[in-house]
Amino acid sequence: MNKPLRRVAIFCGLLVLALLVRVNWVQFVQGDALKNDPHNRRVAIERYSTPRGNIIVDGKAITGSTTTDSGDFKYKRTYKNGKMWAPVTGYASQAFDANQLEKLNDGILSGTDDRLFFSRTVDMFTGSKQKGGNVVTTLDAKAQKAAFEGLGKQKGAVAAINPETGAILALASTPSYDPSTFAGMSNKDAEAYSALQKKADPEEPMLNRALRQTYPPGSTFKVVTASAALENGLYNGVDSKTQSPLPYTLPDTSGIELKNEGNIPCENATLREALRVSCNTVFGKISADLGNKKMKAEAEKFGFNDPGINTPVRASESIFPKDNRPQNAMAGIGQASNRATPLQMAMVASAVANGGKLMKPYMVDKLVAPNLNVVQQHTPQEMSQPLSPENAGKVQSIMETVVKEGTGTNAQIPGVTVGGKTGTAQHGENNKDNPYAWFISYAKTDKGTPVAVAVVIEGSDTLRDDIAGGKLAAPVAKRVMQAVLEGEK
């Protein structure tokens, strides 16, 4: 071979080598990035080329698919009672992607997950169309309906948990939205989506208040403060007098007094009496006496300050702050910088009800292939032990007194032991806005403790002076507990 031809051959060989390197680089190094690139239209086309698998509650699908004329997309998502289930499902939209369970389990639902390889292989040989798998949830349809209808036109949220397993039974948020209204690609879908954004609707119907909104927990946090007092040995019993003067002056201040709501018997009140009538002075002083470090440590055992609580949808972090002495006293009664999601406060009630053991909350029981083979099965996991069994029994006792003869009587259920705590949390600078109404509770029978609930009412048509956790939130919690108990029969 003469020299010019040899040079051409070498050059062509280098070009072929460069092409092979480039092809392998794109396929094996950049493959995942290109596959997940939001600008890669082929991914969206594949996602909606077949009917999606479904999200399942109580053995029934709460989602579906229907044919569409949206160009490249053959199918779009549909939802059954979309407004009620949106805080659970999230949405899957041809134009606006997906979120929550729809997004986190997209591979299973669209049939592209590698764990469905066997199912896809069988479909290839049989000539069947690719099918999506199903996401089987832990939700209780009756409990969800009770929560959603109980909230009604009020702005708020409900979270209900099985204390013994951590399974989420209800997750409601109002106002809500119907994901079906923007599941397609039409101008009508785009208009529906735009109308739901915060700029267009300040009520924020797409905000998942049960998981993603934090509120001052108010007096419901006194359950945590009572737990801290017992766990740290500040008080050993719930029926012994506390060292609680009236009035109580906040530490390190020039005579600023912490006040109670109304003329209630709080001077040196026992923990039982203080929780029954909700004494700010008693629990503020407990928090101050224990100090911020111990209070923060106990709150964190219940799940506060943990940014990684996944259900698998991630919940916003609930905060018990590192603070100075007067602010720490206020945080001990659920005010100041203390913030919690409804899920977090359901976790508090759940841990107390479960003998002091907090189970990790979850709402997906299993992932199922199209051939009904289980791809992934959830195993309940212990998250922490905020209370000893002995102290958990003591806190249960005083929470049950709250419902029997305290501020939570509206949650009483005949023949059922109910423990609870009301809360009316200040809102706005100098408490200028209407307060938040809270209630946390659990219900137990001879068969066990199947449900713990947290309810927050963020806004309603109720007059300011009539806003109270016992009046607004407790009846909603009662409805949810009754629904779960009915299903246990």
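How are helices H11 and H14 oriented to each other? Helix H11 (residues 222–231) and helix H14 (residues 292–301) pack at an angle of about 115 degrees, and they are therefore roughly perpendicular to each other. Here is a short tour of that contact, a disulfide and some backbone details.

This is a predicted model, in which local features need pLDDT of at least 70 and side-chain atom pairs count only at pLDDT 80 or more, while totals for chains, interfaces and linings use all residues. Residues are numbered from 1 along each chain as its sequence is written, and side-chain values use heavy atoms, with hydrogens and water left out.

**Two packed helices**

- Two packed helices are described by the angle between their axes and the distance between the axes.
- The axes of H11 and H14 lie 9 Å apart; axes are lines fitted to C-alpha atoms, for helices over the stretch in contact, and angles run from 0 to 180 degrees between N-to-C directions.
- Angles from 65 to 115 degrees count as roughly perpendicular, under 35 as roughly parallel, over 145 as roughly antiparallel and the rest as oblique.
- Helices (H or I, at least four residues) and strands (E, at least two) are DSSP runs, numbered from the N terminus.
- Val-224, Thr-225, Ser-227, Ala-228 and Glu-231 of H11 make the contact with Met-295, Glu-298 and Ala-299 of H14, where contact means heavy atoms within 4.5 Å.

**One disulfide**

- The count comes to one disulfide, defined as a pair of cysteine sulfur atoms within 2.5 Å.
- Cys-266 and Cys-279 form this link, with their sulfur atoms 2.1 Å apart.
- Cys-266 lies in the loop between strand S11 (257–258) and helix H12 (271–277), and Cys-279 in the loop between H12 and helix H13 (280–290), so the pair ties together parts that are 13 residues apart in sequence.
- Cys-266 is buried, at 1% relative accessible area, and Cys-279 is buried too, at 0%; buried means under 20%, exposed over 50% and partly exposed in between (1.4 Å probe, protein chains only).

**Backbone details**

- Most residues other than glycine have a negative phi, and most peptide bonds are trans.
- The peptide bond from Leu-246 to Pro-247 is cis, with omega near 5 degrees, and Pro-247 sits in the loop between H11 and strand S10 (248–249).
- Another cis peptide bond runs from Thr-311 to Pro-312, with omega near 20 degrees.
- Glu-204 is not a glycine, yet has a positive phi of about 50 degrees; Glu-204 is partly exposed, at 23% relative accessibility.
- Asn-305, in the loop between H14 and H15, has a positive phi of about 65 degrees.
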